[in-house]
Amino acid sequence: MKKMLLLSALLALSAAGVSAKDWTEIRMASEGAYPPFNEIGANGALKGFDIDIGNALCAEMKAKCTWVKQEWDGMIPALMARKFDAIVASMSITEERKAKVDFTNKYYASPVVLIAKNGLPLRPELASLKGKKVAVQRGTVSDNFATKYWDGKGVEVVRYGKQDEAYLDLKSGRVDAIFADYWEAYGGFLTKPEGAGYSVLGEQLYGKNAEERAVIGEGIGIAVRKKDQDLKAQLNKALAAVRANGKYEEIRKKYFTMDIYGN
Amino acid sequence: MEWFDPSVISGSLPEFWRGLWMTVQLTVFSLAVGFALAIPLSVARVSRNPWVSRPISAYTYFFRGTPMLVQLLLIYYGVGQSEWMQQQWESGNSFWLLFRDAYFCTMLAFSLNTCAYQLEMFAGAIRNVPHGEVEAAEAMGMTRYTVLRRIVLPSALRRAIPPLSNEVILMLQGSAIASAVTLVDLTGAARNVYSRHYAPFEAFIFAGLLYLAVTFVLVGLFRFAESHWLAHLQPRSASAQKD
């Protein structure tokens, strides 16, 4: 009972914190190598779906947003080191990451897929990938999945610092397939001239059971430090608002022809 | 301790050992290949014939004037992008297929880089061989080749030991860039552990300690080599001066 009281007191405190701290300025970070979600524009600034969503949320919160470009594999440590306040970089919400940071609700859904030359008899399954080289981007959901279910079991998992480098090596034949986030591959490779002759082989993976879903994640969210509960609550409120008032759909249509939010 | 979790290290030890082994291989092989090439090239470098010395000077100018990471990326990603190279790969040409392999590309870039530094070092040492030694050898009736083999090279290589020890240590630490082309060396292993556990301290401190240990071993080996082969160039010791 005492614990319950303490908990509700804490909840009340954190709820009070929403009005207590005014987030008039938010430093948001993105990677800039994940088109069309985030990339570097001709003027050197970040642009893409993530950035538009981040800016829409800031407008909704009447806060000023500044953007920071950050390498992917240092993203969470940099957030914890207070280099910025929120990660809006198409980051999947996973159990492992939740141990370090908190996430808002998802702002889109994303399966992982296997990509290789058209017509190859490959599927994202251990039996099908035995003896093959599969490229992943280090520190991503696809890396975690491949490491957990394939690595050391006859599949050679090759890790890259950047997704673009994995595409180069798929094209040049150094790896047999790429295992990546579907939207990343869609925008960064499959819909581009370089991606001609390559396609998604087998099914899109959302996770067949609880264990797999814990690795693949519950969708894409915005990461904040655990202590910034007020920021998380405000971002969630703003996210619900832009979903309701049509701003989200307006941005989505700019980049995609179909729904990406899922249900 | 929240900021330092030793279980991150103990849980990833096999990965660290494999990475360390890769780092040792890359360093030792590239230094050995570089050394073997650098000796004949350094002799050519000091040649008075510009048709011999100029091309070598151009080679060292490029490889000492650009970062090793740029050279590695050029060889690995740059070469792999050419249409011609991809055709060679598809036709299964076994020589050009070597360039598809990350290990080979890294070895090639590292060897060419360290060879450029080592050969300038040796060339400098050759120029510094005392004239009297050469004249004495000629007076004994030795041919130019014999003078080179018996007098100039042994003397130059001895004098090159101290700068060579620096190059070896720089190469060990420079090999950390191998992870840029998918090789899992010690730094690559640390990066994998870091991105899996979000634990930069643990992963990089442990990798740093391993680099430090290897560096100490190398420094010890060079101390031994200097006391063995360079003893005649040391200032005479106090006890020797007494009598």
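**Two domains of chain A**

Modeller: Chain A splits into domain 1 (23-109 + 219-255) and domain 2 (112-215). These bounds come from an automatic or database domain assignment. The model is predicted, so local features need pLDDT of at least 70 and side-chain atom pairs count only at pLDDT 80 or more, while totals for chains, interfaces and linings use all residues. Residues are numbered from 1 along each chain as its sequence is written, and chains are lettered from A and ligands numbered from 1 in the order in which they are written.

Now look at how the two domains meet. Their C-alpha centres lie 25 Å apart. Eleven residues of domain 1 of chain A are in contact with 14 residues of domain 2 of chain A. Contact requires C-beta atoms, placed from the backbone, within 7 Å. On the domain 1 side, β2 and α4 (95-98) of chain A each give two or more residues. Helices (H or I, at least four residues) and strands (E, at least two) are DSSP runs, numbered from the N terminus. By class, that side of domain 1 has six nonpolar, two polar and three charged residues. Here Ala, Val, Leu, Ile, Met, Phe, Trp, Tyr, Cys and Pro count as nonpolar, Asp, Glu, Lys and Arg as charged, and the others, Gly among them, as polar.

Stay with β2 of chain A. This strand belongs to an open sheet of three strands, in the order β2-β3-β4, with antiparallel pairing. The edges are β2 (33-34) and β4 (46-47) of chain A; each has a single partner strand, so one side of each lacks a neighbour in the sheet. Strands of a sheet pair through backbone hydrogen bonds, either parallel or antiparallel. DSSP must find at least two bridges between two strands for them to pair. Two bridges join β2(A) to β3 (residues 38-40) of chain A, and these strands run antiparallel. Find Y34(A): N38(A) in β3(A) stands opposite.

Finally, step back to the database record. UniProt lists residues 25-258 of chain A as "domain: Ionotropic glutamate receptor C-terminal", in an unreviewed entry. UniProt positions are given in the numbering used here, feature names are shortened, and annotations may be inferred rather than shown by experiment. In the model, that span is 37% helix and 26% strand. The end C-alpha atoms of the span lie 33 Å apart.
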